Amino acid sequence: CMVEAYSQKGDFTWNSLSGGTVGLKPVPLQSLSELERVRLQDVAFKRLLRCHDLGCHITIPKYGHKHKKTLRRKLDSLSKEKSKDKDTTPQAFGIPLSHVISNDRMHKLRQDHPREEHSDPTELMLSFLHLTSSYKRANKELSSSNSSLSSTSETLNESPLPSTPDIAPRTRRRGGVSVDCITDLDDNQSRLLEALQLSLPEEAAGNTKKHHDEKLSLNPIYRQVPKIVDQCCQHLEKYALQTIGIFRVGSSKKRVRQLREEFDQGWEVYMDEEHSVHDVAALLKEFLRDMPESLLTKELYTAFINTMLLNFSEQDSAIQLLVFMLPPCNSDTLQRLLGLLSTVSAHAEDSLDSEGHKVTGNKMTSLNLATVFGPNLLHKQKNSDKEFAVESFARAEESAAIIGVVQKMIDTYDTLFMVPPDLQNELLMSLQETDPDVVDYLLRRKASQCS
């Protein structure tokens, strides 16, 4: 039995089938494969129930199913090129996060192939993924893994597709794994060998069959951050760090509306020093505020708030487990946003430059930023006026808790998205029950990354 081929020690050290020893170290969430990230949601959920009493019903957020159909419809209509009229669906504002990311993909596709006619969605998506020109490299990449994930099938990411147009060169992109990692696999590891064939996501391949075992990538998935969020964050990190009261000072409603319309129409928006940082800050807040569901999801709303009722020593751990339960598009976008807010708060106080001159701080501490962003990141579904007319005292208590949660996230940003060894250990043990050959591959990759 392959499961017996592993030995585990108290310090979270594993032995691979080839006899190599792998000690687990904290790793960034985004370095995990798609398969691991989906399984981590389940592991974090069980750990949360076991270790923290939040006094409320908790479920893993559902996502991806409606989005699959929407993306398929868009691929069909685009491939037939029925009309050159602009898509009437909003491109960025007021639509689900996963739809914004798929719109970014479609926009990138139109840019890359503006005049080409595509006979079917398969060819269309192939061209977008740059696979048509890279089949020669197919044996160097791992695409998907068969894995029985019936317990987490509702939380599967819709596909391991690239999300935002990635500015980084291909050498810095994650996903390609050298075939050298797997050349010494045993012959009887047929399940893993089957999983190593390059395959397209279900909606791209035009496959209408329902699979019990969804295919999940054994590689890290592309960063799923909407282009508008990434561009706003980059602009503010470049131009706004010394701006007093950034996110609190008023903006030009007319200019913000113009920027919003440009993103909604799918135009290529270039923001430079001529764009007011206050306009860009307002645009970012509007995007988060107008999402149909808050970034931290309705399923986890009460759980996040109730973390503030725990002992102080438990709060960080509980918040981190809830973050690990978020869909990848939500956690990736949250990570990008918190990276900005952490950087802004680091420049809140006055300081001295290299020549001893005073540099004025922006005055936006983590508390001030949490006060501004809390209601945009964590809120219930849009309520009717009658539902909103609840006791003001209860609302005030919830508001204080929301601010407390977001402040903690900003203050602990450096460790919040690092998966600790003990949780990785539980994740590997979970995978070992269903996919021991996959665990061995993951261990080998961890070993090669360490070396």
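User: Are arginine 336 and aspartate 230 buried or exposed?

Analyst: Both arginine 336 and aspartate 230 are buried, where buried means under 20% relative accessible area, exposed over 50%, and partly exposed in between, with a 1.4 Å probe and protein chains only. This is a predicted model, in which local features need pLDDT of at least 70 and side-chain atom pairs count only at pLDDT 80 or more, while totals for chains, interfaces and linings use all residues. Residues are numbered from 1 along each chain as its sequence is written, and side-chain values use heavy atoms, with hydrogens and water left out.

The side chains of arginine 336 and aspartate 230 form a salt bridge of 2.7 Å, N to O, the term meaning a side-chain nitrogen of Lys or Arg within 4 Å of a carboxyl oxygen of Asp or Glu. Because arginine 336 lies in helix α12 and aspartate 230 in helix α7 (residues 227-239), the pair ties together parts that are 106 residues apart in sequence; helices here are DSSP runs of H or I with at least four residues, numbered from the N terminus.

A salt bridge also joins aspartate 332 to arginine 37, at 2.8 Å from N to O. This pair links distant parts of the chain, with aspartate 332 in helix α12 (residues 328-346) and arginine 37 in helix α1 (residues 34-51), 295 residues apart. Aspartate 332 counts as buried at 1% relative accessibility, and arginine 37 is buried with a relative accessible area of 4%.

The structure holds 21 salt bridges, including one between arginine 260 and glutamate 286, whose closest N and O atoms are 2.8 Å apart. Arginine 260, at 22% relative accessibility, counts as partly exposed.

Methods: Helices (H or I, at least four residues) and strands (E, at least two) are DSSP runs, numbered from the N terminus.
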